[in-house]
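Here is a short tour of one chain, written for someone who likes to know the cut-offs behind each term. Have a look at the model below, and then read on.

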Amino acid sequence: AEGSGVLLYLRQEGRGIGLAKKIEAYALKKQGLDTVEANERLGLPVDLRTTHSGTLRLGSRELTAVDIVAHPDLSGGLHGVATVLTDLAPLDCVRLASVCEHYPRVVARRLGWLLETFANGMDTDPLQRVGAPGDGQMLPIDHHGASSGRRAPRWGLIINTEIEPDV
């Protein structure tokens, strides 16, 4: 019936932070923060999940690219992310943009800048359309770094750290 329903919340969802904190994190993500930044702003660890039963992630090169950009701390930091992206390139940026539509816009912004910078010759326009900083807000490429640095206006990013892929 209209106005009724069921909320199913699985314990492994929400990085182990609980439903109330997950809702607070979603509100921060709507303001442009990514998941890690939202958790840190709430004073929470990056990830409290455990995988006692193990996990299996199926995907593609594009899903891998988005996943490592969305979770750089779990992927060896931005240097590791840039290294993997150069190994994965060339990527289908239309497919990347489609995947990024299900993530905070900052993921498309960071991914687009990284590909444009380290994987020469790729048409990153589809990512720019998905991640366009419509509010004019500039976000840091590295959420752990300073809030100042070189600006990348096309991506709405502050390049606040030097990134060197291991190639």
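## A residue, a sheet and a core

With a relative accessibility of 40%, Arg-61 counts as partly exposed (buried means under 20% relative accessible area, exposed over 50%, and partly exposed in between, using a 1.4 Å probe and protein chains only). Before going further: this is a predicted model, where local features need pLDDT of at least 70, side-chain atom pairs count only at pLDDT 80 or more, and totals for chains, interfaces and linings use all residues. Residues are numbered from 1 along each chain as its sequence is written, and side-chain values use heavy atoms, with hydrogens and water left out.

Arg-61 sits in helix 3 (helices are DSSP runs of H or I with at least four residues, strands are runs of E with at least two, and both are numbered from the N terminus). Its contacts, leaving aside residues up to four places away in sequence, are Leu-88, Ala-89, Pro-90 and Leu-91; contact means heavy atoms within 4.5 Å. Arg-61 and Ala-89 are 28 residues apart along the chain, and 8.8 Å separates their C-alpha atoms.

Three strands form an open sheet in the order 1-3-2, with mixed pairing; two strands pair if DSSP finds at least two bridges between them. Strand 1 and strand 2 are at the edges with a single partner strand each, so one side of each has no neighbour in the sheet. Strand 1 pairs with strand 3 in the parallel sense over two bridges, and Pro-140 has Ile-158 of strand 3 as its bridge partner.

| Strand | Residues |
|---|---|
| Strand 1 | 139–140 |
| Strand 2 | 150–152 |
| Strand 3 | 157–159 |

Axes are lines fitted to C-alpha atoms, for helices over the stretch in contact, and angles run from 0 to 180 degrees between N-to-C directions.

How do helix 5 and helix 6 cross? Their axes come within 10 Å and cross at roughly 155°. Helix 5 and helix 6 are therefore roughly antiparallel (over 145 degrees). Cys-93, Leu-96 and Cys-100 of helix 5 meet Val-107, Ala-108, Leu-111 and Leu-115 of helix 6.

The largest nonpolar core has 34 residues, and those touching the most other members include Leu-111 and Leu-127. Such a core is a set of buried Ala, Val, Leu, Ile, Met, Phe, Trp, Tyr and Cys residues joined through side-chain atoms within 4.5 Å. Helix 6 gives the most to this core, with seven residues.

Note on methods: Angles under 35 degrees count as roughly parallel, over 145 as roughly antiparallel, 65 to 115 as roughly perpendicular and the rest as oblique.
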